[in-house]
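The following note sets out several points on the arrangement of elements in this entry. It is meant to be read alongside the sequence and the coordinates.

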Amino acid sequence: MEHKIPAVKMRDITKTFGQVVANDKVWLDIYRGEILALLGENGSGKTTLMNMLSGIYFPDSGTITIDGRDVVIRSPKDAFDLGIGMIHQHFKLVDVLSAAENIILGLKEEGGFDIQAATKRIREICDTYGFEVDPDQKIYNMSVSQKQTVEIVKVLYRGADILILDEPTAVLTPQETDRLFAILRNMRDAGKAIVIITHKMHEVEELSDRVAILRQGQFVGDMLTSTTNAQEMTNLMVGHPVELNIERPEPVDPKPRIEVKGLTVRDMDGVLKLQDVSFTARSGEILGIAGISGSGQKELLEAIAGLQTVEAGSIQYIEDDGSGEELIGKDPLSIAELGVSLSFVPEDRLGMGLVGNMDLAENMMLRSFRRGRSPFTDRKSPRKLAEQVVRELEVSTPGIGTPVRRLSGGNVQKVLVGREISSAPTVLLTAYAVRGLDINSSYTIYDLINRQKERGVAVIYVGEDLDVLLQLADRILVLCGGKVSGIVDGRGAKKREVGMLMTRLGGGNADE
Amino acid sequence: MFEITSFFPRAVMQGVPLLFGSTGETLTEKSGNLNLGIPGVMYVGAISGVIGAFLYEQSLPSPDAINGFLAIATPLVCSLAGSLLMGLLYCFLTVTLRANQNVTGLAMTTFGVGFGNFFGGSLIKLTGSEVPSIALSATSSWFSRSLPFADKLGWFGEMFLSYGFLAYLSIITAFIASFIIKRTRIGLNLRAVGENPNTADAAGINVVRYKYVATCVGSMIAGLGGLYYVMDYASGVWSNNAFGDRGWLAIALVIFTIWRPNIGVFASILFGGLYILYLFMQTGENLALKELYKMLPYVVTIIVLIITSMRNKRENQPPASLGLSYFREER
């Protein structure tokens, strides 16, 4: 391996955003015929580094060499011309255009504007690597995994032979992930250089040939995947040894807390989002909810929190003494006063629960501003709470007066989850709490959730990482197309089994 | 009496400024710029043409010495230059300095109208005329000149061939704009810029250039609407504020045509017709009824808005990033 010439050599790359140093003299080599996993905690500068390679950002200093030639990448177009293509975490696709139109977007090809010819070439690329894409389909009609495929075809169409994928598996089901990995291996064997940014250690071990690790904007080192293990990589990323097991304490004295019966929800367009969903969430227990994204998870949590109009069914909040109270028909405020707390982390992380332009303390206040009788708001306790959250969850921020929008994604989530937990709820609804978080922060969050569970809180945890759900949850409810596909015990459940339940009702065979 | 042969040509003549305005605004909006300064741009387009024509007519020894080519070219070039400057100003503020588009647009409408009235008033003072208006009839006769054989073709000539060249230009421009937006690579890139500038940028499209060019070309097209109004429709007579709310109507037309200039060709005639319907209806002394008739174009626009948002078809929605400024390194 040592004699190979790197396709990309990045040397002493530095990039700052205001006072924040995102990359500090980073070195990185990328080889052809190899899959490189780029590892690092949130805010360690992985995406920034790759954005400089793909022309989105411009480095403050440092050199980039492609195939031995010094290059300057000023714009995404320069990057294409050098054969670099990046598949971003948030897809860069125009919804109202078709797949083919998105793929040829921005190109200056020989001859006239000929969508037919483009379509033909797209089909050829699909056949070569085994993609399934309908070039005429509009993006807004596509599933997440189809969109991702379009993104990959797009960079291949542009003749990229250096591919960068930023957290490509974050939104995929296990089956889709397997298919993606097969394609990536195909492309590697075809001599392309592939960089994948991910937080999931088992994926790194399964897929990559080499890993490179960043920590707080600095390059820590790279090594062959075969010579290392998850523990070592995590320690390097975090900078100190980390325990890699998720605890699962036995539930203490579980009692029914939320009882959902026959819940049916339609969205604004009249599409059935939840159909006859029934389950019980118990105190001191974590109920995991698994399902392909968009299977009704959001509607379920929102219905419990009183944010969704319910068509049929009942949701009972059961007190310790066994007396029940109907939640349907109550407004969100009085449900929240019962101790039901919702922390939903949407795909764009800021959309629900936090206001980007407000600082940490003000965001804390969003929960508490109604308290007290004085006509003036109490600004002191939110400040204290913000300081406490920053300290306990190790939020990296210049101060509590910083607008939340300026924090990196992981830190934004810590603020949100920290605030919800601080209100001492009796029911904690949390969705995608660790979405996009690095290992260390994720474990902090799991820890927080476990502590809530030990306090006797009924936790409903919607997650996308099955491995985590299987380790963390006491029971797992699997949703499939808005229906309960099955409820399995977290201890002893198999990943395949849950994966099957996610894609097919009841997880049974095809003729069901 | 309601006569189609007299109603239709007047509806068309009312529609032409609206068509220019809406074609220009559609191009602009496709790039994600919501230029609410269009009424101001059209106003400036009109007064610039007037200034050009005025200076040219003044330089002549006698009105008969007018040269046909210069009579048309001078106001045309002045009008294009005036509205181009307005477009450049808008782009500089919203694209380069990333100012709020709504505020900038509204300020430019106020500015454009003020600019027009100031210079209009000055010119009226210069001529020392008794009525508060200036007449550029020599120039206007060149602008409103129709095909020589039009009157010989009876009702057909009256309905379709009786207009000045700018009227036909407005229709051609609309179809060309439609073709470019829908069928060319430039149009595809432009739509992408307006829908999702991040994506367009990552695809190697120069977002700033597309926004600048689309907005400036759009402004120039809209400015021609002002020029047509004063030189052809108003027979070369400029008086302050006579242009009225046609600029806003043009913006309403953009929504009405669901961002398709080719639909605008027909919709502008419909709007023009609705705009003057009160003149053809027997309203008598009932002024209130008259005002209700004048509301029709806006009522129709609201109905279209309701229908398109109810049908919720993605292709009929405004460009997704309309009104938002774009900065690549935004975090």
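**Note on packing, pairing and chain contact**

1. The residue I449(A) belongs to helix α14 of chain A, which spans residues 439-454. The model is a predicted one, and the remarks below should be read accordingly. I449(A) is buried, since 23 other C-beta atoms lie within 10 Å, and the threshold for that class is 20 or more.

2. Which residues does I449(A) contact once its neighbours within four places in sequence are left aside? They are I286(A), V459(A) and Y461(A). A further spatial relation concerns I421(A): its C-alpha atom is separated from that of I449(A) by 8.4 Å, the two residues being 28 residues apart along the chain.

3. Strand β13(A) has parallel partners in β18 and β19 of chain A. With β18(A), residues 458-462, it is joined by 5 bridges; with β19(A), residues 475-480, by 4 bridges. The residue I289(A) takes part in both pairings, having V462(A) as its bridge partner in β18(A) and L477(A) as its bridge partner in β19(A).

4. Chain A also contains an open sheet of 6 strands, ordered β6-β7-β8-β3-β9-β10, with mixed pairing. Its edges are formed by β6(A), residues 84-87, and β10(A), residues 218-224, each of which pairs on one side only. From one strand to the next, the twist averages 20°.

5. Within that sheet, β7(A), residues 162-166, and β8(A), residues 193-197, are paired in the parallel sense through 5 bridges. I164(A) is placed opposite V195(A) of β8(A). Helix α5 of chain A, residues 144-157, lies across β6(A) and β7(A), and its direction is at about 175° to β6(A).

6. In chain B, attention may be given to α3(B), residues 68-96, and α4(B), residues 101-127. These helices pack with their axes 10 Å apart, at an angle of about 150°. Because angles over 145 degrees fall in that class, α3(B) is roughly antiparallel to α4(B). The crossing of α3(B) past α4(B) is right-handed.

7. Which residues make up the contact of α3(B) with α4(B)? From α3(B) come M86(B), L89(B), Y90(B), L93(B) and T94(B), and these meet Q101(B), T104(B), M108(B) and G112(B) of α4(B). By class, this contact comprises 5 nonpolar and 4 polar residues, with no charged residues.

8. The contact between the chains involves 22 residues of chain B and 19 residues of chain A. On the chain B side, α8(B), residues 185-195, and α9(B), residues 197-202, each supply at least two residues. The side of chain B that touches chain A has 7 nonpolar, 6 polar and 9 charged residues. Charged residues are therefore present on this side of chain B, whereas the contact of α3(B) with α4(B) has none.

Methods: Residues numbered from 1 in each chain as written. Chains lettered and ligands numbered in written order. Predicted model: local features only at pLDDT ≥ 70, side-chain atom pairs only at ≥ 80, totals over all residues. Contact = placed C-beta atoms within 7 Å. Axes fitted to C-alpha atoms, helices over the stretch in contact; angles between N-to-C directions. Parallel < 35°, antiparallel > 145°, perpendicular 65-115°, else oblique. Left-handed = near helix turned anticlockwise from the far one by under 90°. Pairing = 2+ DSSP bridges. Buried ≥ 20, exposed ≤ 12 C-beta atoms within 10 Å, placed from the backbone.
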